[in-house]
Amino acid sequence: KPLDTARVPVDLAGLQADIGLRGKVALVSSTAVTVPVVWGWFRPRLLVPADFFDSFTPNQARWILLHELAHIRRSDLAVSWLQKWVQIVYFFHPAVWLANWMIDQQREYACDDMALAACNASRAVSGEALIARAQHLQAQHAQIVRDAAVNQMHEALLRCRIAAIVLERVRGLMHVLAGVAIGQHALHPSRRPRAARAVAFHNHR
């Protein structure tokens, strides 16, 4: 159901202006999602779970919503659909699958950057917001059994995104390692990539 933006703890109109969005984006509460997502092409809506504003601090909620608004600002949904059509047509070509994985990852980096530039929070707070979002999603899907290699890949990419947000000096390195992690999992899904181990080592030092 549509939420009254005047009754939520964030200024959604202000966030839209900060990210450079023209027009109004509706904020909708939905039981069909566990984390905020963008829905709709010509009239995009921002879907949030019913407990979203109870599960995150105002600063975390602002960064998460800015990230999703950045997807709208960049027209990522249209690009994503185009990728899917190309992948359907060229389903037999591994390079298309690999390219789509890399585009998806770079899309998340770009939205992280836009959210970081638009919010007034520190890099540490922004990184905490991403961690909180990942923990919330993991808790919601704790009962779902997933492929171990896929889990390892997502964990490695999450570490790269967090490091890229918090540690500005290693942004380029994190992007490269993320690309290597994606490539190795796409070509050898049964093995954990060395890039993932490198990122894990870097984060535990």
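**Ground rules.** I am working from a predicted model, where local features need pLDDT of at least 70, side-chain atom pairs count only at pLDDT 80 or more, and totals for chains, interfaces and linings use all residues. Residues are numbered from 1 along each chain as its sequence is written, and side-chain values use heavy atoms, with hydrogens and water left out.

**Confidence.** I looked up pLDDT (the predictor's confidence in each residue, from 0 to 100): the protein chain averages 77, and 74% of the residues score at least 70. Over residues 185-204 pLDDT stays under 50, and there the model has 29 contacts (heavy atoms within 4.5 Å) beyond four places in sequence.

**Make-up.** I found nine helices and three strands in the protein chain (DSSP runs: H or I of at least four residues for helices, E of at least two for strands, numbered from the N terminus). Of the 205 residues, 42% are buried (under 20% relative accessible area, 1.4 Å probe, protein chains only).

**Helix pair.** How do the axes of α4 and α5 cross? Helix α4 (residues 76-89) and helix α5 (residues 94-118) have axes (lines fitted to C-alpha atoms over the stretch in contact, angles from 0 to 180 degrees between N-to-C directions) that come within 10 Å and cross at roughly 170 degrees. That makes α4 roughly antiparallel to α5 (angles over 145 degrees). On the α4 side I noted Asp76, Val79, Ser80, Gln83, Val86 and Gln87, which meet Val96, Trp97, Asn100, Ile103, Asp104, Arg107 and Cys111 in α5.

Definitions and conventions: Parallel < 35°, antiparallel > 145°, perpendicular 65-115°, else oblique. Buried < 20%, exposed > 50% of the residue type's maximum accessible area, 1.4 Å probe, protein only.
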